[in-house]
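Here is a short briefing on one protein model.

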Amino acid sequence: MFEKRKEQQKSLATVGNMSDALANAVCERCQARFDPSERIVNSNGELYHENCFVCAQCFRQFPDGLFYEFEGRKYCEHDFQMLFAPCCGQCGEFIIGRVIKAMNNNWHPECFRCELCDVALADLGFVKNAGRHLCRPCHNREKAKGLGKYICQKCHLIIDEQPLMFRNDSYHPDHFNCTHCGKELTAEARELKGELYCLPCHDKMGIPICGACRRPIEGRVVNALGKQWHVEHFVCAKCEKPFLGHRHYEKKGLAYCETHYNQLFGDVCYNCSHVIEGDVVSALNKAWCVNCFSCSTCNIKLTLKNKFVEFDMKPVCKKCYEKFPLELKKRLKKLSELASKKSHPKAVDLNSA
């Protein structure tokens, strides 16, 4: 250990008893006696000539009388730091006073901090984690993250079983008791208005449970797919955007927005090969966009109310059909009779055409 001191130089008094006391005194450094008229330095009972009270390394007088004592020798601040004071691993400055030795380095107490949350570790202790010095809560969180587990926000230990989620944080369930019956809770506990209840007590209150987060619904409820949902949790199974009151489409127990329902399950137009995002025209055993269902000869738009015939797997209006050569119409008539059971009910009867 070293000691930091500041000594004041003192003038020798001319009082008789003081003179007698110094008559046999000698300088601690040079061992020579003192002249009655000279200035003397008294350092903790040790007397020095003014020119002898110097740094043991550079032999210069101490600026403002400030020196550091180590193993019985006195040093100026510069030489003491160069010879004995360690450098802080964080700020790079010399450490005077308490030194924290950790991670193969030296630190000022205020510089030795958790590398994640920046809390001072000097009086808390630390845990080495992947070459980092961390506080214990941060170490536990990092360890839990690596294991794919939760960390309890009360005891800061890893949760090996299913956690209890309370106010968006994870906890060991046994840290809590039911607000109503006082029983120790499990991970199935429910939160209601900032309080926790066991499942039986909560069910008696008749509060709906969200089908997504399994937490109570205190505000607006969405009823869909045979379950109840928070408004923000009832989302498209594909893009996960909430419907927020907009129309949804159900398929195999899942809900989809119109765009993704059509992309995944919608009809593809025979003419343009795009997914049909509106009304579908079903004709000739095919699906068509409303704008694509037209006469393949004159391009006039058709509806299922119009009379049309099939030619080359495409619709032909009655007017264009009548312009066909007689031999072609006979052939089409024969084909129509063979496939009459499969033809669309809206297709025109060639006999009447």
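Is Arg215 buried, exposed or partly exposed? Arg215 is partly exposed, with a relative accessible area of 24%. Here buried means under 20% relative accessible area, exposed means over 50%, and partly exposed is in between (1.4 Å probe, protein chains only). This is a predicted model: local features need pLDDT of at least 70, side-chain atom pairs count only at pLDDT 80 or more, and totals for chains, interfaces and linings use all residues. Residues are numbered from 1 along each chain as its sequence is written, and side-chain values use heavy atoms, with hydrogens and water left out.

**Salt bridges**

- The structure holds 6 salt bridges, each a side-chain nitrogen of Lys or Arg within 4 Å of a carboxyl oxygen of Asp or Glu.
- Arg215 and Glu191 form one of them, at 2.1 Å from N to O.
- Arg215 sits in the loop between α4 (199-204) and β17 (221-224) and Glu191 in strand β15 (residues 190-192), so the pair ties together parts 24 residues apart in sequence.
- Glu191 is buried, at 14% relative accessible area.
- Helices (H or I, at least four residues) and strands (E, at least two) are DSSP runs, numbered from the N terminus.
- Arg132 and Glu142 also meet in a salt bridge, at 3.2 Å from N to O.
- That pair links distant parts of the chain: Arg132 is in strand β10 (residues 132-134) and Glu142 in helix α3 (residues 136-147), 10 residues apart.
- Arg132 is partly exposed at 22%, and Glu142 is partly exposed at 21%.

**Cysteines**

- The count is 0 disulfides, a disulfide being a pair of cysteine sulfur atoms within 2.5 Å.
- Cys91 is in no disulfide; the nearest cysteine sulfur, that of Cys88, is 3.8 Å away.
- Cys292 is in no disulfide either; its nearest cysteine sulfur belongs to Cys269, 3.8 Å away.
- Cys91 is partly exposed at 38% relative accessible area, whereas Cys292 is buried at 15%.

- Met82, Leu83 and Phe84 make a nonpolar surface patch of about 280 Å².
- Patch residues have over 30% relative accessible area and no salt bridge; like charges are joined within 9 Å, nonpolar side chains (Val, Leu, Ile, Met, Phe, Trp, Tyr) within 5 Å.
- Accessible areas come from the Shrake-Rupley method with a 1.4 Å probe; for residues, only the protein chains shown count as cover.
- Met82 lies in helix α2 (residues 77-83) and is exposed, at 54% relative accessibility.
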